[in-house]
Amino acid sequence: MNQTLIRGATLPDGTRADLGIRDGRFVDPQDVGASATVVDADGLLALPGLVDMHTHLREPGREDAETVLSGSQAAAAGGYTAVHAMANTSPVADTAGVVEQVHRLGRTAGYTQVRPVGAVTVGLAGVSLAELGAMADSEARVRMFSDDGHCVWDPLVMRRALEYVKAFDGIIAQHAQDPRLTEGAQMNEGAVSAELGLPGWPSVAEESIIARDVLLAEHVGSRLHVCHVSTAGSVDLIRWAKARGIRVTAEVTPHHLILTDEEVRSFDPVYKVNPPLRTREDVLALREGLADGTIDVVGTDHAPHPAEHKCVEWTAAAMGMVGLESALAVVAHAMRDTDFSHADLARVLSAAPARITGLSQHGTLEAGTGANLVLVDPAAPHVLDPDVHRTMGRNNPFRGTQLGMRVRDTFFYGTRVVADGALGAPLDFAEAGPWND
Amino acid sequence: MRHLLSTAQLSRAEAIDLLDVAEQMSHVSTREVKKLPVLRGLTVVNLFFEDSTRTRLSFEAAAKRLSADVITFTAKGSSVSKGESLQDTAQTLSAMGADGIVIRHSGSGAPHRLAHAGWIDAPVVNAGDGTHEHPTQALLDAFTLRRVRAGLPASGPHDGAVGRGLDGMVVGIVGDILHSRVARSNVHLLTTLGAHVVLVAPPTLLPVGVDSWPCDVVYDLDEAIASQGFDALMMLRVQQERMDEAFFPTAREYARRWGLTDARARALPADCAILHPGPMNRGFEIGAEAADSPRTVVLDQVANGVSVRMAVLYRLLTGQSTADRGREGQL
Amino acid sequence: MKQRTVLDGPEVRRALTRIAHEVLEANKGPQGLVLLGIPTRGVPLAARLAQAIARIEPQVDETALAGSLDITMHRDDLRKGPLRSVSPTSIPGGSVDGRTVVLVDDVLFSGRTIRAALDALSAIGRPAAVRLAVLVDRGHRRLPIRADHVGKNLPSALDERVGVRLQEIDGEDSVTITAAGGAS
């Protein structure tokens, strides 16, 4: 019998407690036998395993950028026990076959729960709906669908997608970007783009799509998730929609909580990302939205790129930043001057994304649920060095940033996949049995 | 000054110094030996990722008049489309012994990246990057304007304008500001030198955020001509592709509202100089009367381009820091 | 600091008057003469020599006699030292072709400055003859160059500093020599 006793951990609410794990589930610590492995968690913060709603694992197709294995290891190292792998692979995850392949690769890796996201439209082309039902019924049991990287721009296609997934309580995650308003766009449109002469990416290109989509979701009574919200106006729109009772959830990335378009002055493509880095005013609005619950979750939008796609001039560089291994520390850093608590961190990084995506075994430390847990040293000052990260992507914009939090241990269904900051052995699914969603 | 990437980086003193050195360089073309030995034994690489015969020839002439060896590399499109990254290209040239790199690129920021990514040591001169900046064009414009301001011949050897700025001058820049690297470089430089810049353009061809620039913005050219008292008017070239992108309804309407028509040329103050970075679209942004007027200094701009680029190469490729020349202690 | 004055104001002025006479004598009159000062202090020295010549030969226009020759672009140490400012070159009458050019400088030391001046001059035109006038010759030549007209021969140690001050630039006329380590 596989048993672990975590002794003296600090819970998100600030209380101290022991946590018991047996056969992959949380149990009452009293019920853990004497043979249990004891982990001294004195001074460590215990959070439910983190859940990322927005991850690019690149496999199949771009194994030079990331694989399901390397991405899973990066997730574990960052404290994530579940990630949602976006559909913009090659081939696109728009059939049951591709999502099942990704699902199986995730189980084989065994470092985190890899949940494939299905494409909304065939080939992400925005024209005809992919076989959403087949993906939902597949072994991968897809519940979230997104054309991320592309906007479901046609309002009629968006309406149909929102309606259709109600049949299996699915959710459409929209990449809100009007394609016509952002043709050739390279950075946020404003004073900095005017000066640098880079084609601008206006806030309204995001906000107009969000405005349309929340109204569509209201009209058809469906669930909408807005990926990587980046502007103050978007926060206002979502706040308005929620007040109106529309079933919308929203996500922000760690980088949009700190970085601004001023970084682009360096012309260093590590700062090139979609949606683009915005202004200080937007950053402050996003923090406020995250604190007051308007924005439900932090999603990493972990987007690894090989060096040759970033070691070029700005205009030729790929968009995207990695984030799985720095998200927790970066979010804590971003929110350090607010009264954002450890409970809030647990909410936006674990409980809320688990709830939205229907992951019943994540997002909680309750006895009886899956023992998905991360132990964090909340006072571990360090300078971020992406070169030691497990992801294959080195495009982390926080290189050299002084951060305070560090992941010590990650338990994935009871298996200590990260121990004292080092990668441990993966979870063996042959022993663990089926996923417990 | 290690690189010349943007005119925003230039202080007034540095800008005037470059213009003054360019004045000295302007004498060379009339001398018996049209060459100075200052860059003898040094190699200047012209890296042109975007077609521009005029700018390339101007930089070549400048480097050769300073006795440098010149290697020119032209490749259309981005480095990526060639299957070679900017990094590899730069490092290859560096290995060949480039002492200075002049780069023209269709992507804004490419020269900045080349200068600051840690790939190479050589000084980098921005010869025009995307819609960002074209600092040597702005310097030659400022050089020409300074001559005009002093009532001197707009080009050719002369020392009368040495030491001066453009204080009090009112300069209009008309046309496609949004896509113009010339406009961006000129707004910074002319303002630094004391001129007042007025941008005149259709609202669709002004960048969002232009309100943070140190200049005035006017939509109506006739009103601007009537009220501003321009000392000089710079007409920008409107690229053919803009007409296809619906920035304005038709070429005819653009010419009618923002072109320097014969009537507008006559309405300008008598001593107002007319500049154009070339090549001109006659009958479109500039009418025949303005294009052929003696007030038009387009050819002077071209001549001054060589002097200014000589000054830039001289400043970047010799010496290490700004200091007064000491007579004592020289060996 | 050990500094001693080698020439005071009146002595500087007497030396220049003597050089003016020598220049006229060597040229057998003012015909075809042009005096080119090497910046910085050679320029006012050339102007003063022109004044002195005009006093001796009243038909001469002193402003048509003196100019300046910048040698910065012809120096052999451009890439070693700090950035050097460039001074204007002005040739009275516009051309040196067929004329007798007298290069004027304050101190003759290694000879490198004069080497650069000869190069600069040959890029401008082809004089009939070139002569050199200096206020002070302190020795230690590194190149086969000598002065035709010298205000004062001043034997010096290599590490001593010779300082020339002129009314037009420094507010007084003097030549001083300062021992090693005593420079201001």
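Reader: What share of the 437 residues in chain A is buried?
Author: Buried residues account for 60% of the 437 in chain A. Buried means 20 or more other C-beta atoms lie within 10 Å of the residue's own, exposed means 12 or fewer, and partly exposed is in between, with C-beta atoms placed from the backbone. Keep in mind that this is a predicted model: local features need pLDDT of at least 70, side-chain atom pairs count only at pLDDT 80 or more, and totals for chains, interfaces and linings use all residues. Residues are numbered from 1 along each chain as its sequence is written, while chains are lettered from A and ligands numbered from 1 in the order in which they are written.

Reader: How many helices and strands are in chain A?
Author: Chain A has 11 helices and 21 strands. These are DSSP runs numbered from the N terminus: helices are H or I with at least four residues, strands are E with at least two.

Reader: Is helix 9 of chain A largely enclosed or exposed?
Author: Helix 9 (residues 327-334) of chain A is largely enclosed by the rest of the structure, because 8 of its 8 residues are buried. Among them are Val330(A), Val331(A) and His333(A).

Reader: And strand 5 of chain A, what covers its faces?
Author: Strand 5 (residues 45-48) of chain A has both faces covered: Leu45(A) and Leu47(A) are buried on one side, Ala46(A) and Pro48(A) on the other. In a regular strand, side chains alternate between the two faces of the sheet.

Reader: Which strand is strand 5 of chain A joined to?
Author: Strand 16 of chain A, by 4 bridges, and the two run antiparallel. Strands pair if DSSP finds at least two bridges between them. Leu45(A), for one, has Val376(A) as its bridge partner in strand 16 of chain A.

Reader: What does Ala46(A) touch?
Author: Leaving out residues up to four places away in sequence, Ala46(A) touches residues including Ile6(A), Leu19(A), Leu365(A) and Leu373(A). A contact here means C-beta atoms, placed from the backbone, within 7 Å.

Reader: Which residues have the most contacts inside the largest nonpolar core?
Author: Ala46(A), Phe145(A), Ala232(B) and Leu313(B) do, in a core of 246 residues. Helix 12 (residues 298-317) of chain B gives the most to this core, 9 residues. A nonpolar core is a set of buried Ala, Val, Leu, Ile, Met, Phe, Trp, Tyr and Cys residues joined through C-beta atoms within 7 Å.

Reader: OK, switching to chain B. What domains is it divided into?
Author: Chain B has domain 1 (7-132 + 305-317) and domain 2 (135-302), with bounds from an automatic or database domain assignment. Their centres, taken over C-alpha atoms, are 25 Å apart. The contact takes 27 residues from domain 1 of chain B and 27 residues from domain 2 of chain B. On the domain 1 side, helix 1 of chain B has the largest share, 10 residues.

Reader: How many residues of chain B are in contact with chain A?
Author: 24 residues of chain B are in contact with 17 residues of chain A. Helix 4 of chain B brings the largest share of the chain B side, 3 residues.

Reader: Where's the cis bond at Pro91(A)?
Author: The peptide bond from Ser90(A) to Pro91(A) is cis, with omega near 5 degrees. Pro91(A) sits in the loop between strand 7 (80-85) and helix 2 (96-109) of chain A. Chain C has a cis bond too, joining Pro39(C) and Thr40(C), with omega about 5 degrees.

Reader: And what phi does Lys28(C) have?
Author: Lys28(C) has a positive phi of about 55 degrees, although it is not a glycine. Most residues other than glycine have a negative phi. Lys28(C) counts as exposed because it has 7 C-beta neighbours inside 10 Å.

Methods. Contact = placed C-beta atoms within 7 Å.
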